[in-house]
Amino acid sequence: MALVPTDWVALAALAALLAAVAAALHPRRLPVIVHATADDLAAQPWQVTDSNAAVLLRVASRLVDAATLTAVYAVDDAGRATDPGVLAALRGATCAQASLWAALSIDPLKGAADDGGKAAVASKSIGGATISYDRSGAQAAAAARQAAATTLCSEAHQILADARLTSGQVWLRG
């Protein structure tokens, strides 16, 4: 059975319809919106200058976006908030998270693998050249660092809550 030209037109129309359905089911993801700049992080009240500021702010912005996933606010065509109060809250929460990471020397790109790499010396001896490390305290510290690297800090969460951006309420329309 050979396809005739009208079949090709029908196939093209079907392909266009399937592409439209696929786009509706899987909308194009917007690029990561970074809610603060290195200048914002260096300003009051944060006063953090870090050579890794761009990375800290980008990853912190993703945590802020995850925390505000159900928030409803107006955005522009690029997906950025348009309300000055919302913008200030997103910027403040992002800077709060980035400043915590900078203060604790946490690399958020390591995520759960960031254990700080330090263990306390439990005992040492010079003559026999023996050193032993206490890993019990180090394990608790590693768990705390891992949590800090992967979850939104309390200050950032409070800034978002004060702006009513973290209600957790799901809105249904239609």
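Let me start with threonine 68, which counts as buried because its relative accessibility is 4%; buried means under 20% relative accessible area, exposed over 50%, and partly exposed in between, with a 1.4 Å probe and protein chains only. This is a predicted model, in which local features need pLDDT of at least 70, side-chain atom pairs count only at pLDDT 80 or more, and totals for chains, interfaces and linings use all residues. Residues are numbered from 1 along each chain as its sequence is written, and side-chain values use heavy atoms, with hydrogens and water left out.

Threonine 68 sits in the loop between helix H3 (53-67) and helix H4 (84-104). Helices (H or I, at least four residues) and strands (E, at least two) are DSSP runs, numbered from the N terminus. Setting aside residues up to four places away in sequence, threonine 68 touches Tyr73, Leu90, Leu160 and Leu165, where contact means heavy atoms within 4.5 Å.

Now H3. Its 15 residues should span 21 Å at 1.5 Å a residue, and the end C-alpha atoms are 21 Å apart, so the two agree; the expected span is 1.5 Å times one less than the number of residues. Buried residues of H3 include Val55, Leu56, Val59 and Leu63.

On to H4 and its partner. The axes of H4 and helix H6 (residues 154-162) come within 8 Å and cross at roughly 175°, which makes H4 roughly antiparallel to H6. Axes are lines fitted to C-alpha atoms, for helices over the stretch in contact, and angles run from 0 to 180 degrees between N-to-C directions. Under 35 degrees counts as roughly parallel, over 145 as roughly antiparallel, 65 to 115 as roughly perpendicular, and the rest as oblique. On the H4 side, Ala89, Leu90, Gly92, Ala93, Ala96 and Gln97 meet Glu155, Ala156, Ile159 and Leu160 of H6. Leu90 and Leu160 are also among the contacts of threonine 68.

Next, glutamine 47, in the loop between H2 and H3. At 52% relative accessibility, this residue counts as exposed. Glutamine 47 is in contact with Leu41 and Ala42, leaving aside neighbours within four places in sequence. Its C-alpha atom is 8.4 Å from that of serine 99, 52 residues apart along the chain.

Last, confidence. The chain averages a pLDDT of 80, and 63% of the residues score at least 70; pLDDT is the predictor's confidence in each residue, from 0 to 100. Confidence is lowest in strand S1 (residues 120-125), at a mean of 58, and highest in helix H2 (residues 38-42), at 97.
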